[in-house]
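Q: I'd like to learn how to read a few features off a model like this one. Can we go through them one at a time?

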Amino acid sequence: MENKQTQLSTQESAKFSLTGATLYGINAVIGSGIFLLPQNIYRDLGPASIAVMLGTAILTIMLAVCFAEVAGYFGKNGGAFQYSKRAFGDFIGFNVGILGWMVTMFAWAAMAAGFAKMFIITFPAFEGMNIPLSIGLVILLSLMNIAGLRTSKVFTITATIAKLIPIILFSLCALIFIPQGLSNFSPFVQLSEGQTLLGAISGTAIYIFYGFIGFETLSIVAGEMRNPEKNVPRAILGSISIVSILYMLIIGGTIAMLGSGIMDTKAPVQDALVKMIGPAGYWLVSIGALISITGLNMGESIMVPRFGAAIAEEGLLPAAIARKNGNDAPVVAIIISCVIACILLLSGSFEILATLSVVFRFFQYIPTALAVNKLRKDEPNAQVVFRLPFGPVIPTIAVVISLIMIWGDNPMNFVYGAIGLLISSAIYFFMHGRKKV
């Protein structure tokens, strides 16, 4: 009995604290994109793109707080899958879960490929080694995950802190240099040729939103956190707020230093920091970007298999997928996730699907936002740490935003989503028949 209690205590201490969970959330959102983001968002609107970033951050927070409220009903892994299952039943939950798990595996493969690309940019001697580097990373992180969450957690938090150093340095410098570069913000609105104001705002907002995707991973790994009912909502709100502030400072600082020169460089953040502190700025940002995407891969290596394990724990996939070893790691789910990610990396066809996976994350956001009102109605006496103000207003806006983002990227995304739903529904009926619909 004493050994069992000691083991439980060790497993609990290995879980994320509120601080660790917030860092995990920051790591899940900030990837390599922010280091290339200024050029893309500046293109259609000029300096006014920073206002769109502020609006997009507010809209992202609206989605995040939906996750924050429904996370308070749960103390286990699963995220949108768990929320959909509890609110709408096994059939909807299964569809959200299976599609969500597949999307995360495609996304992880893309991130591993991104790591290899960035590694080669930083160290050109490894040119041509993309596939060995990316597959090696996936296998290494999977082995670390099997060794136990403590190992993965330490590396994830360390990587997050390391990549935040150049980001925070840039942000602090931006506070000093933005007033000196105010002339680069005039005129504020600089529409690109052939663009309407509405079209430019829409296109810019969609791209910016990609930089915020990832906040929902905290809810997926809720079971790996201490006191998850309280800490998940707090960590979600804390991490997305911190990321929003950092993004605004990075974009503002880059515009202040480069102005329209942003469009003449492939490394705008690096070049902006060079102007602030000298040549060392380029390497600080470049190494920071490499650490950033490495940390993002670490976070995915924890989240992706636990998504699948959560579905199995609810009896909707074979129980073996959720089987854990002595280190409390879901070994079978880890192996499945690793193998599929490696196959995608070998196939060379994953890039289009990885792009779709970013958009398809909205199909996780929509049922979560809808679950807010459903769970309120079904469980009016539930004690949750955080409740959204204004009744159904914010969840409704969150659903509308998600639909606009899906349509704005490509209307065909709805067709692709429908195909995915047909396939996952067929799997459900094959495994469970109609008794659980």
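A: Let's start at the surface, where Met-412, Val-415, Tyr-416, Ile-419, Ile-423, Ile-427, Phe-430 and Met-431 make up a nonpolar patch with about 750 Å² of accessible area together. A patch takes residues with over 30% relative accessible area and no salt bridge, joining like charges within 9 Å and nonpolar side chains (Val, Leu, Ile, Met, Phe, Trp, Tyr) within 5 Å. Areas come from the Shrake-Rupley method with a 1.4 Å probe, and for residues only the protein chains shown count as cover. Keep in mind that this is a predicted model: local features need pLDDT of at least 70, side-chain atom pairs count only at pLDDT 80 or more, and totals for chains, interfaces and linings use all residues. Residues are numbered from 1 along each chain as its sequence is written, and side-chain values use heavy atoms, leaving out hydrogens and water.

Q: Is Phe-430 buried or exposed?
A: Buried means under 20% relative accessible area, exposed over 50%, and partly exposed in between (1.4 Å probe, protein chains only). Phe-430 has 74% relative accessibility, so it counts as exposed.

Q: How do I read a salt bridge, and how many salt bridges does a search of the whole structure find?
A: Side chains of opposite charge can pair when their charged atoms come close. The cut-off is a side-chain nitrogen of Lys or Arg within 4 Å of a carboxyl oxygen of Asp or Glu. The search finds five. One of them joins Arg-376 and Glu-69 at 2.9 Å, N to O. Arg-376 sits in helix α16 (residues 362-378) and Glu-69 in helix α4 (residues 49-71), so the pair ties together parts 307 residues apart in sequence. Both Arg-376 and Glu-69 are buried.

Q: What about aromatic pairs: how many does the count come to?
A: A pair of aromatic rings is described by the distance of the centres and the angle of the planes. Rings of Phe, Tyr and Trp (its six-membered ring) pair if their centres lie within 6.5 Å; planes under 30 degrees apart are stacked, over 60 edge-to-face, and the rest tilted. The count comes to seven. Phe-115 and Phe-119 have ring centres 5.8 Å apart and planes at 40°, so that pair is tilted. Phe-119 also pairs edge-to-face with Phe-126, at 5.1 Å centre to centre and 75° between the planes.

Notes. Helices (H or I, at least four residues) and strands (E, at least two) are DSSP runs, numbered from the N terminus.
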